[in-house]
Amino acid sequence: ETTMDGEGFARMAKELATLSALHEETPWRWVDVDQETGHGQGFLVKKPLVFRRVVEEQTGKENKKDDDDDEEDEEEESPSHIYEYHVLFSEGYQTPVLYFLAYDHRNPLGTDDYMEDLKAYLKEEGVLKVILPSVSLDIHPHLRVPFMVVHPCGTPDWLQKHVP
């Protein structure tokens, strides 16, 4: 069994950020935290990631997209939401924890919008039943602002799918 501590997380996270910068269009980056705060060494950040949820029609007709579709069909898409992910090390759980934030233009999303996006996205990824119940609103320990957070028990499932 392998255990991780804050220093091990920081070392691996910095290596991931370096590799990500070489190979990804939207790379992870390491953010150092002021050591005087006592909140750890830093965290990973990935932003901006654009998510556009397709809204299904409620009329019972097939929701099919063709090249010949007229402009009315374009209204079926919701506005783009801009996401940013933060991965922090939890000293209490001794594991990385995923925090995320989303905006609709310049305003943070409300909880209902988060949940609708998550349901659509996680359904596509096949992890809806695993991650959705473990998502809640919490204060980011370093930035002191509200973020959505995946409970440490659900974070490994998400990380396995999204971190190279």
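The model is predicted: local features need pLDDT of at least 70, side-chain atom pairs count only at pLDDT 80 or more, and totals for chains, interfaces and linings use all residues. Residues are numbered from 1 along each chain as its sequence is written, and side-chain values use heavy atoms, with hydrogens and water left out. Helices (H or I, at least four residues) and strands (E, at least two) are DSSP runs, numbered from the N terminus.

**Strand S4 and Thr-95**

- S4 spans residues 95-104, and eight of its ten residues are buried, so the strand is largely enclosed by the rest of the structure.
- Buried here means under 20% relative accessible area, while exposed means over 50% and partly exposed is in between (1.4 Å probe, protein chains only).
- Thr-95 is buried, with a relative accessible area of 16%.
- Leaving aside residues up to four places away in sequence, Thr-95 touches Leu-88, Phe-89, Ser-90 and Pro-152; contact means heavy atoms within 4.5 Å.

**Strand partners of S4**

- Two strands count as paired if DSSP finds at least two bridges between them.
- Strand S3 (residues 81-90) runs antiparallel to S4, and nine bridges join the two.
- Ser-90 has Thr-95 in S4 as its bridge partner, and Ser-90 is also among the residues that Thr-95 touches.
- The hairpin of S3 and S4 has four residues between the strands, and Gln-94 in this hairpin takes a positive phi near 55°.
- Strand S7 (residues 146-150) pairs with S4 in the antiparallel sense over three bridges, with Phe-100 opposite Met-148.
- Strand S5 (residues 107-108) pairs with S4 over two bridges, again in the antiparallel sense, and Tyr-103 stands opposite Pro-108.
- S4 and S5 form a hairpin with two residues between them, where His-105 in the turn has a positive phi of about 65°.

**The largest nonpolar core**

- In soluble globular proteins, nonpolar side chains tend to be buried together.
- A nonpolar core is a set of buried Ala, Val, Leu, Ile, Met, Phe, Trp, Tyr and Cys residues joined through side-chain atoms within 4.5 Å.
- The largest such core has 33 residues, of which Trp-30, Leu-44, Tyr-83, Phe-100, Tyr-114 and Val-135 touch the most other members.
- Helix H1 (6-23), strand S2 (42-51), S3, S4, helix H3 (111-125) and S7 are the elements that give two or more residues to this core.
- S4 supplies the largest share of this core, six residues.
- Val-135 touches Phe-100, Met-115, Leu-118, Met-148, Val-149 and Val-150, again not counting residues up to four places away in sequence.
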